[in-house]
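Please consult the sequence and model shown below.

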Amino acid sequence: MLSLTKKTRQFIPQDLKMEWSALEPILISLLNREIKNVEELEQWLLDKSELEAALEEDFAWRYIKMTCDTKNPDLLEDFQYFATEIEPKIAPYSNELNKKLNESPFIADLDQNKYFVYLRAIENSLALFREENIPLFTELQITQQKYQGITGAMSVEINDQTYTLEQASNFLKDSKRSVREEAWNKIQNRRYVDKDQLNIIFDELVQKRHQVALNAGFENYRDYMFKALGRFDYSPQDCYDFANAIETEVVPVLKEMAQERADLMGLTDLRPWDMDVNPEGKAALKPFQNGDDLIDKSIACFSKIRPDLGEKLATMKANNLFDVESRMGKAPGGYNYPLAETGAPFIFMNSANAFRDLTTMVHEGGHAIHTFLTADLPLNDFKHCPSEVAELASMSMELLSMDQWDVYFDKPEDLIRAKKEQLADVLKTLPWVAVIDQFQHWIYTNPDHDASEREEAFKQIFTRFGAGFANWEGYENFFGNGWQKQLHLFEVPFYYIEYAIAQLGAIAVWKNYTENPDKAIDQYLAALALGYTKPMDQIYETAGIKFDFSASYVKELISFVKTELDKLG
Ligand SMILES: [Zn+2]
């Protein structure tokens, strides 16, 4: 039951070597194949997809291994080999294959219901393709990876012990204020040491990205990325409006909550190191002991939602598809990386045995379920969901799993605390997403800015959305540097507003769950199983919710969360 077997390849060799000399003949044969009817066209799509899946899984493993050990130069080299020797050579062929498909007379005979979304994406890629961007993409890929090396090497000494920054942030939950202040200062100072180096890397990224956009005929990288990310359903203006709605509907709620926190703590002034600690002086929640315990409890938690969901995580465990504990030399962050041929994903995270690691695990676990549910879709591209959909899967799981969190907590009062922290985090997500999104709009529509102007822009935007609801006086330097901790800015530009869109969706899914749990979970799973075979609004509809982020919808959902929070006492 728990074993994973890759499907037997039908077209490409079972033992295909990932070398250009082996790959090029396959690409040429696809390009030259004569297609005489719609059946042959569909077979050609399946064969092309099989090659794409093999390439994707190979790249996935190179990325996974590198992020698990950023200090190993061989693993970095393996990754870079693909990025510099394989990808750039494939790109022009992919474009030719897209053209071949687009010009096929049999395209009209394809079932539009099944292929509409796919064909729309092909047209989009054709419109964006520029030969001169291929080397730029390679350079960007290489430069982006420097962020991981630099941040993965960051550590601090506290009480003569060395901690990764993830581990050190546990001290921000210490009930003694001086302990928190010291840890906070050490973390901020450590980040500040590499500030200039990261600024230089970022300047380079902005310039190259801007050039990519110009080459493709766009005025700026923002407009290019809206097209490249396939944002067919909303515009930059919608993002500005969404940010305004968050500012008016969410920021005041969080200000109020910060005031309650200050009152409980007996402080007149909350400082940045006062925001993560339990305001009643209780010790930090401890939902599990170590990485293995986290995995086992999460399997139990998912099994309680639906037995087959737990079994999926158990299958991953049995096949060594987790690396969860934080350690020196690991890349920052967490991810669920689908393995296209295996049909299961790899989950990577930096657990420091804290409560937020539980939420990261159920989040990534939601992505993992999505990977399993889409594994058998016929084309590899059917499995590539836009992030507004992918994050709906993961963020909904954070909330849907809450009723089963008793597996992590023995004491009922701890479970209640955990739920309250989770709901507060849901609210806190929204202004931070608005900050990062609006900051990116500014960055890429002002491509000629310098590092100090960028810092100034960040300060203004962060302030508009509550600045973390703390008083930063005396730490203006750290305040302006806060954006550097956000990996997305470096590695996956413009991917961020999706979290807020999906967060609203997840609240709506959870609202349905509170009314009818079984039905809501059925709808959620049905939406995930669609992969990206339907337009976004239809996927959201299948999940039982609206694709919407208007001010009135924000207001409605935030007041629902507020009510649920109040119910918890
Ligand atoms: Zn995610």
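**Zinc site and surroundings**

His363 and His367 are separated by about one helical turn because they lie four residues apart in helix α14 (residues 355-374); helices are DSSP runs of H or I with at least four residues, numbered from the N terminus. The model is predicted: local features need pLDDT of at least 70, side-chain atom pairs count only at pLDDT 80 or more, and totals for chains, interfaces and linings use all residues. Residues are numbered from 1 along each chain as its sequence is written, and side-chain values use heavy atoms, with hydrogens and water left out.

*Zinc ion*
- The protein donors (N, O and S atoms within 2.8 Å of the metal) are His363 (NE2), His367 (NE2), Glu391 (OE) and Glu391 (OE), at 2.1 to 2.6 Å from the zinc ion.
- In sequence, the spacing of the donor residues is H-x3-H-x23-E.

*Phe171*
- Phe171 lies in the loop between α6 (165-168) and α7 (177-193).
- With a relative accessible area of 15%, Phe171 is buried.
- Beyond its neighbours within four places in sequence, Phe171 is in contact (heavy atoms within 4.5 Å) with Ile158, Asn159, Tyr163, Val179, Arg180 and Ala183.
- A distance of 8.8 Å separates the C-alpha atoms of Phe171 and Glu182, which are eleven residues apart along the chain.

Notes: Donors are N, O and S atoms within 2.8 Å of the metal (3.2 Å for Na, K and Ca); water is not among the atoms, so sites may look incomplete. Helices (H or I, at least four residues) and strands (E, at least two) are DSSP runs, numbered from the N terminus. Buried means under 20% relative accessible area, exposed over 50%, partly exposed in between (1.4 Å probe, protein chains only).
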